[in-house]
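Me: I would like to learn how to read a ligand site and a helix packing in a model of this kind. Could we go through them one at a time?

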Amino acid sequence: MAACSPMVLPTASRGDLLDEAARRLRRAGVEGPRLQAELLLGHVLGCDRLRLLTTDRQPVQAQAAANVESLVRRRVEGEPLQYLTGVQEFRSREFHVDPRVLIPRPETEDAVEACRELALGPSARIADVGTGSGCIAISLALETTGAQIVGLDLSAEALQVAEANARRLAPDAGIEWLQGDLLQPLDSARPPLDLIVSNPPYVTASEHRGLAPEVRDHEPREALVSGATGLEVIHRLVDAAPRYLVPGGALVLEIGLGQWSAVRQMIRSSLSYTEPAARPDFQGIPRIVTCRTRSPRP
Ligand SMILES: C[S@@+](CC[C@H](N)C(=O)[O-])C[C@H]1O[C@@H](n2cnc3c(N)ncnc32)[C@H](O)[C@@H]1O
């Protein structure tokens with residue numbers, strides 16, 4: 001009697017499979033093909049890159065090889081690596097992601113940093129608008145003390161991902177998750193917030209058509225597109241936020257390339273805020289905007 005079914009017969013070694021996967025990804029023009037091959041293989045075999053590289057002569061079972069083959073094919077066809085492996089690191093934590101949510105970007109880590117720099121007191125009330133995977137809300141829960149955090153999103157599906165991430169990463173944080181348009185789910189009986197943070201959709205419909213197919217065809221359109229100018233959601237948020245903030249409360253917003261001067265003007269002309277400041281990303285692009293609501297005149 002055969003020891004294994006044909007599906008689990010040994011085939012090539014890990015090293016061979018890795019070389020072949022990297023070759024196919026390179027040929028398809030995928031950036032960093034070797035690293036991506038290692039991550040896909042490591043995902044299928046359930047081991048990290050170091051272990052993979054130190055066990056490269058080990059044979060791979062046929063079923064695992066077929067799984068790698070299928071993931072490499074999907075990657076070559078343009079599916080983002082993170083949807084294939086199901087994870088994206090954000091502030092050194094692994095967030096689960098799938099096509100229900102935007103893949104968190106490194107620039108957004110600075111929004112969390114900007115919030116931390118506000119040095120809000122313990123038990124600060126914070127809302128993360130357009131929470132997606134929950135990366136901002138959960139990071140703040142883990143990097144502040146005693147904050148009361150609510151994550152909001154128009155997408156009920158995105159909130160399922162955020163809630164699952166919170167159960168895994170911050171089970172004791174008591175983050176509340178609410179579905180609806182911007183801040184509307186917060187009822188008027190709630191105490192006002194100390195901080196509203198958001199990485200809102202800020203891409204125009206025509207910019208969206210020109211995005212890399214990997215982003216355009218796979219990440220949720222409603223997470224990216226705001227309207228004809230790209231500023232529509234930011235504008236509604238800047239308008240609404242003062243009604244939900246304490247005097248002196250902070251608004252922290254991620255914005256897109258080339259939007260700083262329009263957003264600064266928008267904030268100035270609302271007359272509800274102090275002078276906004278923008279922090280540049282690693283490419284020098286003004287990316288994270290911070291301002292505070294004015295305190296009432298004595
Ligand atoms: C750019 S993604 C940001 C996701 C996550 N915060 C991050 O930084 O990775 C924008 C998110 O806003 C949500 N969204 C879009 N329009 C919204 C609205 N009107 N009200 C609430 N959420 C909205 C989308 O579903 C999406 O999850």
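Reply: Let us start with the ligand, where a backbone N or O atom of leucine 182 lies 2.8 Å from a nitrogen atom of the ligand; a polar contact is a pair of N or O atoms within 3.5 Å. This is a predicted model, in which local features need pLDDT of at least 70 and side-chain atom pairs count only at pLDDT 80 or more, while totals for chains, interfaces and linings use all residues. Residues are numbered from 1 along each chain as its sequence is written, and side-chain values use heavy atoms, with hydrogens and water left out.

Me: How do I read the angle between helix H12 and helix H13?

Reply: Axes are lines fitted to C-alpha atoms, for helices over the stretch in contact, and angles run from 0 to 180 degrees between N-to-C directions; helices are DSSP runs (H or I, at least four residues), numbered from the N terminus. Here H12 (residues 232-240) and H13 (residues 260-270) pack at about 25°, with their axes 10 Å apart. That makes H12 roughly parallel to H13, a term for angles under 35 degrees.

Me: Which residues make that contact?

Reply: Ile234, His235 and Val238 of H12 make the contact with Val263, Met266 and Ile267 of H13, where contact means heavy atoms within 4.5 Å.

Technical notes
Helix = DSSP H or I, 4+ residues; strand = E, 2+ residues; numbered from the N terminus. Parallel < 35°, antiparallel > 145°, perpendicular 65-115°, else oblique. Polar contact = N/O pair within 3.5 Å; in protein donor to acceptor, adjacent residues only side chain to side chain.
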